[in-house]
Amino acid sequence: MSISCRRFAHLSWPEAAEAVGLEGSTLVWPFGACEQHGPHLPLITDAFFAERMLVEVLERLPADLPIWMLPAQSLGFSPEHEAFPGTLSLSANLMFQLVIEVGQQLAAMGVRRLLLFNAHGGQIGLLHVAARQLRAQCPAMAVLPCFLWSGVGALKDLLPESEREVGLHAGLAETSLMLSMAPELVGLERPVDGDHYTPGLSTTPPMGWSLEGHAPCAWLTDDFSESGVIGDSREANAALGKALEQALADHWVNLLISLMGSQWPPVRETEGL
């Protein structure tokens with residue numbers, strides 16, 4: 001099946017009606033952001049990754065699976081990056097309402113599962129809350145908020161622990177992935193910035209705490225970084241990016257095939273019961 005056939009917005013209305021009426025009909029909504037990614041990566045980095053990776057994944061799925069992608073949401077919730085020009089951030093309320101209103105319309109059409117396929121770490125929590133509220137309001141539709149980089153076991157063999165743990169933004173992983181997927185969008189600089197793990201620095205969390213993880217804080221990028229990068233992009237290369245791309249694609253192909261072969265998660269067949 002061509003990816004055009006997987007794009008929900010490319011269907012006619014009779015085709016859309018037929019699609020959502022199929023058993024296990026599933027729509028995947030890519031989420032990204034328009035925000036600074038250092039002096040070397042484009043503002044659209046997260047939205048680019050969400051859409052391009054989803055296209056690659058859907059092209060590898062069996063043609064008979066009833067799954068389609070929605071148009072990408074390229075503006076997101078990015079207040080942590082507002083100190084840097086180019087960042088466009090929607091309010092939390094607007095993002096929340098966007099998910100609810102679109103989700104309600106999809107549920108009314110008969111869609112059985114909606115995946116929020118997000119590649120921007122700064123809105124993970126917001127999309128989880130929105131997904132829970134949408135599920136409560138539309139109990140006949142399952143809602144699954146997902147993050148592109150979460151749970152990908154192969155990353156531990158591809159990235160050093162330092163970048164897995166503290167390379168949070170425009171560091172080794174994102175720079176390498178963009179070098180593989182769209183090298184023409186990557187600038188020549190390879191910044192290393194946002195040091196928040198060297199003992200003795202005022203930016204280094206006390207023992208047990210971190211910017212993200214089990215005991216996080218609500219950080220702003222310019223608290224730690226002048227370049228907009230939090231991580232180390234110096235060793236970024238296209239070969240690593242290709243390996244990351246393959247690992248991400250394999251992970252999500254396996255997850256979606258598993259999901260589409262199941263009746264999970266449970267939903268209420270009739271709303272209001």
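The model I consulted is a predicted one. Within this pairing, I located Phe31 and found its bridge partner in β3 to be Asn118.

I then turned to strand β2 (residues 67–69), which pairs with β1 in the parallel sense over three bridges. Here I found Thr26 opposite Ile67 of β2. I also recorded that β1, helix α3 (residues 45–59) and β2 make a right-handed β-α-β unit.

Next I asked myself: are the residues of strand β1 buried or exposed? Six of the six residues in β1 (residues 26–31) are buried, so the strand is largely enclosed by the rest of the structure. I recalled that side chains in a regular strand alternate between the two faces of the sheet. I therefore checked each side of β1, taking buried to mean under 20% relative accessible area. Thr26, Val28 and Pro30 are buried on one side, and Leu27, Trp29 and Phe31 are buried on the other, which leaves both faces covered.

I looked up Ala170 in the loop between α7 (161–166) and α8 (172–181). The phi angle of Ala170 is near 60 degrees, and I noted this as a positive value in a residue other than glycine. Ala170 counts as buried because its relative accessibility is 0%.

My last entry concerns Pro265, which I found in the segment after α9 (238–260). The peptide bond leading from Trp264 to Pro265 is cis, with omega near -5 degrees.

Terms used:
Residues are numbered from 1 along each chain as its sequence is written. This is a predicted model: local features need pLDDT of at least 70, side-chain atom pairs count only at pLDDT 80 or more; totals for chains, interfaces and linings use all residues. Side-chain values use heavy atoms; hydrogens and water are left out. Buried means under 20% relative accessible area, exposed over 50%, partly exposed in between (1.4 Å probe, protein chains only). Helices (H or I, at least four residues) and strands (E, at least two) are DSSP runs, numbered from the N terminus. Two strands pair if DSSP finds at least two bridges between them. A crossover is right-handed if, with the strands pointing away from the viewer, the path from the first strand over the helix to the second runs clockwise.
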